[in-house]
Amino acid sequence: MCCSIIGIISSKNVVAPALVDSLKRMEYRGYDSVGVATLATTNRISVRKGIGKVNQVNSSLNLTEMEGFVGIGHSRWATHGGVTDYNAHPHPCCTEDIAVVHNGIIENYLPLKEELVKKGHRFRSETDTEVIAHLLEDHYNASRDIKAAMLETVSQLEGSYAFVAMFANGSLACARLDEPLVIGVSDNAYYASSDVLGFLQYTDQAMFLDNRDIAIIDRDGAHIFTFAGEPVTRGVTKVAWELADVNKGEFAHYTIKEIFEQRTSVKAATYQEEHKIKVFCDTIAAAGNIIVTGSGTSYHTSLITSMAGCRALKKRFEPVMASEFKYNMDSIDKDTVVLAISQSGETADVLSATKLARAAGAKILSIVNVSTSSLARAADVSLAINSGPEIGVAATKSFTGQVSLAYSVLDRISGGRIGFDRDAVSDKITKMLAGSAAIERLVNVTMPKVNDIYLLGRSIHFPIALEGALKMKELAYVHAEGIAAGELKHGPLALMDKNAVVFVLNPDDKTYGDTLSSAHEVKTRGAKIIGISNVSNDIYDAMIEIPKMENELLYPLVEVIPLQLFSYYLALRNNVDPDFPRNLAKSVTVK
Ligand code: AGP
């Protein structure tokens with residue numbers, strides 16, 4: 001599960017309002033159910049939890065009114081156990097002297113649970129998480145020592161996890177293994193959170209726990225040690241992000257705000273420290289073979305980067321979907337460079353791909369948006385796209401930021417073969433965004449109610465057909481399919497009839513003629529065609545005009561804008577919350 005977890009211990013304030021506020025800021029990580037536990041002055045742990053989003057659960061259970069200077073909170077994206085009140089976190093142990101919130105998957109929870117049940121433990125939920133609470137109870141009862149109980153417990157857990165446990169003596173104990181966990185430090189409080197956004201409103205001082213770190217936080221401070229029990233120190237870093245970046249401002253949703261931020265984010269992506277981008281480019285230039293990997297939208301960037309890399313550098317770039325990486329390892333060796341692309345830098349499939357590649361001797365480069373993420377810290381060199389926090393689950397500004405950075409890197413190595421000019425691209429995107437009202441009208445007036453939308457494209461336009469389809473799926477819950485236009489006759493043409501709506505990505509480059517024939521093929525079957533092009537044609541029932549680009553490789557940066565807008569307005573028409581689509585989470589931290 002990719003949930004958000006938060007723990008706060010304060011010497012000054014009751015923590016419940018802050019816990020709820022933190023969960024709201026991290027809600028994009030998962031939003032099936034929510035819960036809070038605090039330690040009341042009576043040293044009794046009280047738990048309140050329910051199904052729904054933070055505001056809903058808070059208004060029905062008055063989470064912000066819970067008392068106590070220590071507390072933990074959780075918003076869930078379910079994997080193990082249905083979306084129910086009793087499966088919501090926090091999970092207490094039998095005596096309720098310990099309560100736990102967790103992100104990740106405990107793969108061996110069933111055998112552990114059987115053992116604990118044999119010992120008389122009573123389970124209240126179907127979750128994997130609850131075993132952590134009972135294991136801690138078991139070991140703590142034996143040793144009355146939180147450190148010993150944590151070391152015993154993590155030695156038994158298999159899988160990926162970050163958890164925060166609250167003990168009735170007022171301590172918080174947390175541990176991480178392949179899931180993000182960061183400690184926030186302020187004058188009068190400590191925060192243990194999945195994400196810096198969980199405490200950015202209180203402090204920009206962060207301590208990033210390494211994998212296999214445990215932290216025990218009590219009134220005397222944070223004590224960190226490894227899973228082997230060795231004390232370690234972790235430096236405090238100033239987080240670069242401004243709190244203001246996570247407010248919607250005058251926009252109705254984060255998604256539309258972030259779509260409009262592309263006017264500037266495509267430029268920000270190219271502001272890089274000289275020494276870092278030099279090493280990054282030299283590593284690519286010297287590489288024997290280059291594999292580009294990512295998931296979802298970041299995989300679409302990998303496709304575009306590979307195609308542009310081959311063309312600009314005349315060397316082989318191989319795009320590999322991160323979830324398929326482990327089945328495509330044969331060509332990886334010490335001459336291989338793996339370029340891993342990820343907005344969050346926490347996607348489990350991407351992290352495991354880089355781990356496997358490194359074990360096979362490859363060098364790891366990464367392009368991320370979250371510069372403090374696990375992937376940024378795992379790479380030999382990592383460049384950040386500086387897009388600022390992306391809260392909307394659907395990736396928008398991060399996509400054009402990734403492509404802009406990849407292009408400026410390739411231009412630097414090839415002496416400008418792509419011709420990426422950040423100011424020119426930003427101007428063209430600004431013009432596209434100025435036409436958003438026309439897209440809204442297209443959705444609300446021209447567009448019939450359809451269940452199936454197809455997007456056709458060739459060459460560099462095919463990844464945009466895939467990306468547009470992904471946005472329509474996750475934002476508007478419409479079945480949309482990106483199709484390589486040349487593959488139409490080999491099957492998908494059977495789907496074309498008068499109910500089909502087909503976007504044709506067809507600017508006047510070397511793909512123009514062939515793609516126009518594809519448009520004729522679907523038109524003769526009665527489909528409605530929406531052209532995305534810089535040249536008009538009668539074949540289109542409706543057309544979205546895009547600017548002419550000097551180099552065809554640059555078209556993705558303008559073609560995607562109307563598809564993002566179209567998906568957003570279609571979501572509104574379908575009464576879907578564009579920021580928090582059902583069943584999805586912003587960073588998928590499980591395989
Ligand atoms: C895209 O809109 C989705 N949110 C999803 O496909 C996303 O791109 C994917 O999960 C990868 O995330 P990452 O870039 O943070 O690794």
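The model is predicted.

**Ligand shell**

- The shell around the ligand holds 14 residues, of which Ser298, Ser342, Gln343, Thr347 and Glu474 come nearest.
- Sorted by class, eight residues of this shell are polar, four are nonpolar and two are charged.

- Gln343 takes part through its backbone: one of its polar backbone atoms is 2.7 Å from an oxygen atom of the ligand.
- Val393 also uses a polar backbone atom, which lies 2.8 Å from a nitrogen atom of the ligand.
- Lys471 contributes a polar side-chain atom, placed 2.9 Å from an oxygen atom of the ligand.

**Burial and surrounding elements**

- The ligand taken alone exposes 410 Å², and the protein buries 92% of that area.
- Helix H9 (296-313) and helix H15 (462-476) are the elements that supply two or more residues to the shell around the ligand.

**Backbone features**

- Most peptide bonds are trans, and most residues other than glycine have a negative phi.
- The bond between His89 and Pro90 is a cis peptide bond, with omega about 0°.
- Pro90 is located in the loop between strand S4 (70-76) and strand S5 (91-92).
- Asp178, a residue other than glycine, has a positive phi, near 65°.
- Asp178 is located in the loop that runs between strand S8 (172-177) and strand S9 (182-186).

How values were computed:
Residues are numbered from 1 along each chain as its sequence is written. This is a predicted model: local features need pLDDT of at least 70, side-chain atom pairs count only at pLDDT 80 or more; totals for chains, interfaces and linings use all residues. Side-chain values use heavy atoms; hydrogens and water are left out. A residue is near a molecule or strand if one of its heavy atoms lies within 4 Å of it. A polar contact is a pair of N or O atoms within 3.5 Å; within protein, one must be able to donate a hydrogen and the other to accept it, and residues adjacent in sequence count only if both atoms are side-chain atoms. Accessible areas come from the Shrake-Rupley method with a 1.4 Å probe; for residues, only the protein chains shown count as cover. Helices (H or I, at least four residues) and strands (E, at least two) are DSSP runs, numbered from the N terminus. Ala, Val, Leu, Ile, Met, Phe, Trp, Tyr, Cys and Pro count as nonpolar, Asp, Glu, Lys and Arg as charged, and the others, Gly among them, as polar.
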